[in-house]
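User: I have a chain to go through with you. Could you take my questions one by one?
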Amino acid sequence: MQTVYRILILVLVVSLSACKSTRSVASTEDMESAKIIASHYDTHPQFETLAARLKIRYQDPGTNQSVTVSLRMKKGEAIWMSASVLGISLAKAMITPDRVQFYEKIDGSYFDGDFELLSEVLGTELNYEQVEALLLGQPIYDLRSGGFSAGPTSTRYVIAPRKQSALFDLFFYLNSGSFTLQQQRLTQREESRDLVVDYGDFTREQAGYFPSEIHVKAQEGDKTTLIDIEYRGLDFNTPVSFPFSIPSGLKEIEL
């Protein structure tokens with residue numbers, strides 16, 4: 001499997017987990033948690049469309065590759081990505097709430113399906129909102145659901161489910177001053193898996209804050225995969241198009 005294909009797959013599914021939140025009776029602790037969580041959501045930028053250039057570096061034990069990716073987004077409706085090396089287009093992805101499509105020219109493969117199919121194969125829920133949140137520096141779950149508690153540490157705020165899953169632990173860490181998301185982490189103890197998504201400095205955009213960098217570290221046993229994503233230029237609320245068609249002659253990926 002070629003590097004560009006792996007990058008697109010990992011960017012797409014890095015937010016996988018199956019945490020279920022639980023509700024509880026309101027208390028003073030609940031009210032403090034709600035204030036912290038509300039302060040975080042106040043940092044989210046408000047926009048309709050986004051166009052950006054990304055520099056993505058992928059590294060695992062056998063690969064070290066950098067690519068340039070054009071990203072276009074219509075909030076809540078579509079994410080489009082086109083990856084290139086030295087100006088040559090190598091892969092594209094088109095993601096909507098009910099469809100997932102991508103292809104990779106070097107490997108000569110493509111996928112055309114939906115989130116339901118991916119969720120069945122992966123054995124865990126996955127949806128468009130999670131992928132969008134990951135790229136925007138936002139939590140992959142709605143922390144306002146009532147199933148999460150928040151509190152301060154010596155350097156930042158930590159948010160976690162009131163009842164962690166029996167299969168893994170899930171944590172979100174916020175900057176103690178700006179309430180922006182610093183890190184989201186998923187740990188599967190029995191499988192020796194650890195997924196950490198760190199966010200670099202945030203810049204003020206569209207009456208909110210946007211991450212300048214995203215750093216993904218996926219650990220499974222003694223194997224480590226790193227993805228570094230750097231935003232280079234952001235344009236908000238400009239007209240965007242999503243040209244996408246799967247070239248003929250490619251082999252469909254069978255899941």
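User: Which residues does Ile-79 touch, leaving out residues up to four places away in sequence?
Analyst: In this predicted model, Ile-79 touches Leu-71, Arg-72, Met-73, Ala-93, Met-94, Ile-95, Tyr-128, Val-131, Glu-132 and Leu-135, where contact means heavy atoms within 4.5 Å.

User: And which residues touch the most other members of the largest nonpolar core?
Analyst: Leu-50, Ile-79 and Phe-172 do, in a core of 55 residues. Such a core is a set of buried (under 20% relative accessible area, 1.4 Å probe, protein chains only) Ala, Val, Leu, Ile, Met, Phe, Trp, Tyr and Cys residues joined through side-chain atoms within 4.5 Å. A second, separate core has 7 residues, including Trp-80, Met-94, Tyr-110 and Leu-250.

User: How much of the chain is buried?
Analyst: Of the 255 residues, 48% are buried.

User: Now pockets: what is the volume of the second largest pocket?
Analyst: About 260 Å³. Its lining has 14 residues, with Tyr-41, Glu-129, Ala-133, Gln-138 and Pro-139 the closest to the centre. A pocket here is an open set of points on a 1 Å grid over the protein atoms alone, where a 1.4 Å probe fits, with protein on both sides within 12 Å along at least five of seven lines; lining residues have an atom within 4 Å of a point. The volume is the space filled by probe spheres set on the points, joined across faces, edges and corners.

User: Which helix gives the most to that lining?
Analyst: Helix 4 (residues 128–136), with 4 residues; helices are DSSP runs of H or I, at least four residues, numbered from the N terminus.

Conventions. Residues numbered from 1 in each chain as written. Predicted model: local features only at pLDDT ≥ 70, side-chain atom pairs only at ≥ 80, totals over all residues. Heavy atoms only, no water. Buried < 20%, exposed > 50% of the residue type's maximum accessible area, 1.4 Å probe, protein only. Helix = DSSP H or I, 4+ residues; strand = E, 2+ residues; numbered from the N terminus.
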